[in-house]
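Please look over the structure shown here. The report that follows takes up a few of its local features and then the chain as a whole.

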Amino acid sequence: MKSSHTYHQADEKKPISEETYQRLLSEIESVVSGERNLIANLANCASLFYHTLRYEFNHPINWFGFYLIDQKKNSILELSKQELVLGPFHGKLACTRIKFGKGVCGTCIVSKQIQCVPNVHEFSGHIACDSASNSEICVPLMLTRRRTELHSEEAKEHEDLIGLIDVDSTALDQFSMEVDGKYLNKLAEILMKASDY
């Protein structure tokens, strides 16, 4: 679904404070402590962040969730046909699959970089799952694993990209790299250290 519609009137932006993020990170560390299941941890994280930001602090967040790389399907496909598959989330119904390189999420996966988009309607190839969304931030989920190299007894750390955090807002320019990028990246690190994949 490509953006070819007239978008909704943007809500007023309300930046998320560092104190709010610090509180949420502390809470999610407690929630995932002792639980290694990735899906369970992502589900609780999506619920905590969405409900706290939207309903407790009245931030204009309309979607908080995760997309994961479809390992089984992608192992037999060339890069241009590889896809992300929808993971745990809160918000309206979402696109179930997104091709690598398409939209904000697909761009995040291919670049392995945070994508902070102030106006999604100006983003080339934007995928409009919810026409009320006006800005978006995506943060890669990088899982660090120790592997022993062939012909070596030494185990080395490798980072594997497994998916991303995706947050949408009904406000324009809701997110910043300095605050949202920083703390959502810390969230990604917490989730990856706490979970098996």
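## Proline 15 and its contacts

Leaving aside residues up to four places away in sequence, proline 15 touches His59 and Gln174. The model is a predicted one. Proline 15 sits in the segment before helix H1, which spans 18-32.

Glutamine 174 is 159 residues away from proline 15 along the chain, yet their C-alpha atoms are separated by 6.1 Å. Is proline 15 buried or exposed? Its relative accessibility is 54%, and exposed means over 50%, so proline 15 counts as exposed.

Most residues other than glycine have a negative phi. Two residues of this chain deserve a look on that account.

Asparagine 58 is not a glycine, but its phi is positive, at about 55 degrees. It is found in the loop between H2 and strand E1 (61-69). Asparagine 58 has a relative accessible area of 55%, so it is exposed.

Aspartate 173 is not a glycine either, and its phi is positive, near 55 degrees. Its loop runs between strand E6 (155-169) and H5. How accessible is aspartate 173? Its relative accessibility is 38%.

## How H2 packs on H5

Helix H2 covers residues 38-56, and helix H5 covers residues 177-194. Their axes lie 9 Å apart, and the packing angle is about 150 degrees. Angles over 145 degrees count as roughly antiparallel, so H2 and H5 are roughly antiparallel to each other. The crossing of H2 past H5 is right-handed.

Which residues meet across this pair of helices? H2 brings Leu38, Asn41, Leu42, Cys45 and Phe49. H5 brings Leu187, Leu191, Met192 and Ala194. By class, the contact of H2 with H5 has 8 nonpolar residues, 1 polar residue and no charged residues.

## Aromatic pairs

How many aromatic pairs does a search of the whole structure find? The search finds 6. One of them joins tyrosine 50 and tyrosine 55. Their ring centres are 6.1 Å apart, and their planes stand at 80 degrees, so this pair is edge-to-face. Tyrosine 50 has a relative accessible area of 8%; buried means under 20%, so tyrosine 50 is buried.

Phenylalanine 64 and phenylalanine 66 also pair. Here the ring centres are 6.2 Å apart and the planes are at 75 degrees. Planes over 60 degrees apart count as edge-to-face, so that is the class of this pair. Both phenylalanine 64 and phenylalanine 66 are buried.

Phe64 and Phe66 form one aromatic cluster with Phe49. Phe49 is also among the H2 residues that meet H5.

## The chain as a whole

The chain holds 5 helices and 6 strands. Which order do the elements follow from the N terminus on? They run α-α-β-α-β-β-α-β-β-β-α.

The chain has 197 residues, and 47% of them count as buried. Take the contacts between residues at least 6 apart in sequence: 65% of these join residues at least 24 apart. The contact of proline 15 with Gln174 spans 159 residues along the chain.

Terms used:
Residues numbered from 1 in each chain as written. Predicted model: local features only at pLDDT ≥ 70, side-chain atom pairs only at ≥ 80, totals over all residues. Heavy atoms only, no water. Phe/Tyr/Trp six-rings, centres within 6.5 Å; stacked < 30°, edge-to-face > 60°. Buried < 20%, exposed > 50% of the residue type's maximum accessible area, 1.4 Å probe, protein only. Axes fitted to C-alpha atoms, helices over the stretch in contact; angles between N-to-C directions. Helix = DSSP H or I, 4+ residues; strand = E, 2+ residues; numbered from the N terminus. Parallel < 35°, antiparallel > 145°, perpendicular 65-115°, else oblique. Left-handed = near helix turned anticlockwise from the far one by under 90°. Contact = heavy atoms within 4.5 Å. Nonpolar A, V, L, I, M, F, W, Y, C, P; charged D, E, K, R; others polar.
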